[in-house]
Amino acid sequence: MNTTKTDWPSSLTDDELDELDRYLRAHSGDGDLLLDGVHGMLSALTVGPVPVLPEEWLPEVLHEPFADEEEGNRVLALLAKLNDSIAAELDVDAYEPILGEVDTETGPTLSAAGWCEGFSRAIDLRAGLWEKRLADDASLMELLGPVMALAVDEGILSADTDFEKLGDDEYDECLAQLPAVLAAVEHYWQQHPVTETDMEAMTQAAPSSAAGGSEDDGGQAPPRNRSGHWLH
């Protein structure tokens, strides 16, 4: 029997995603994650090397006190459900990234900028561990290639060498590879678990260090007009 994502108890309905999207937009400032960014961050945490507790990642998402207990319970429940949905979708090869939409000269187009920003911030939460493993094992960097290409293309990460902008077809191909990238990274950490040396590197890293670089000082990612679109 064929089922859709919204048939699963752990997946948010379109209405729930819109509700969470509206809340994040109403309570975010410049540089704060919107729905696409939150999904990117939670996706990276889901497939990452070690657990990251909600009290660590929630400050990346919530920046204002809730209006009341009811609002707080509702928003936290939606975030928890979004988080749970990622693992469920990966388990059945049904994961799709939530992407933002930007205005271009030719009209609105999907953008991975927000998703990649969230993914990068998730890596920052365990920066030392990721940095050490990426330096020690080139295969992990290779697995992350499509994410890194999109992130550099959108100005989320800086590159050590000149990076030619992706063509439309190349960009779309990287987007299409994101579900496979997450599955491969999850498998990598299962097959190559964290070592004591990795953990030492994580505890010694400065909280502000970033894996793979940071946004260029002279460039900014395009403004995200709306998030909550799915790539089919």
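Helix H8 (145-153) is largely enclosed by the rest of the structure, because 8 of its 9 residues are buried (under 20% relative accessible area with a 1.4 Å probe, counting protein chains only). Helices here are DSSP runs of H or I with at least four residues, strands are E runs of at least two, and both are numbered from the N terminus. This is a predicted model, where local features need pLDDT of at least 70 and side-chain atom pairs count only at pLDDT 80 or more, while totals for chains, interfaces and linings use all residues. Residues are numbered from 1 along each chain as its sequence is written, and side-chain values use heavy atoms, with hydrogens and water left out.

The buried part of H8 is made up of Pro146, Val147, Met148, Ala149, Leu150, Ala151, Val152 and Asp153. Among the elements covering these residues are H5, helix H7 (138-143) and helix H9 (168-191). Just past the end of H8, Gly155 has a positive phi of about 80 degrees.

As for Leu82, leaving aside residues up to four places away in sequence, its contacts (heavy atoms within 4.5 Å) are Leu12, Leu17, Leu20, Leu35, Val38, His39, Leu42 and Ile98.

A cavity is a set of points on a 1 Å grid over the protein atoms alone where a 1.4 Å probe fits but cannot get out, and its lining residues have an atom within 4 Å of a point. Points are joined across faces, edges and corners, and volume is the space filled by probe spheres set on them. The count is 3 cavities of 30 Å³ or more.

The largest cavity has a volume of about 70 Å³. Helix H2 (35-47) and helix H5 (113-124) are the elements giving two or more residues to its lining, which includes Ala44, Val52, Arg126 and Trp130.

The second largest cavity comes to about 60 Å³. Of its 10 lining residues, Phe119, Ser120, Val147, Met148 and Leu157 lie nearest the centre. H5 and H8 each supply at least two residues of this lining, and H5 gives the most, with 4.

Terms used:
1 Å grid on protein atoms, 1.4 Å probe; cavity = no way out; pocket = protein on both sides within 12 Å on 5 of 7 lines; lining within 4 Å. Buried < 20%, exposed > 50% of the residue type's maximum accessible area, 1.4 Å probe, protein only.
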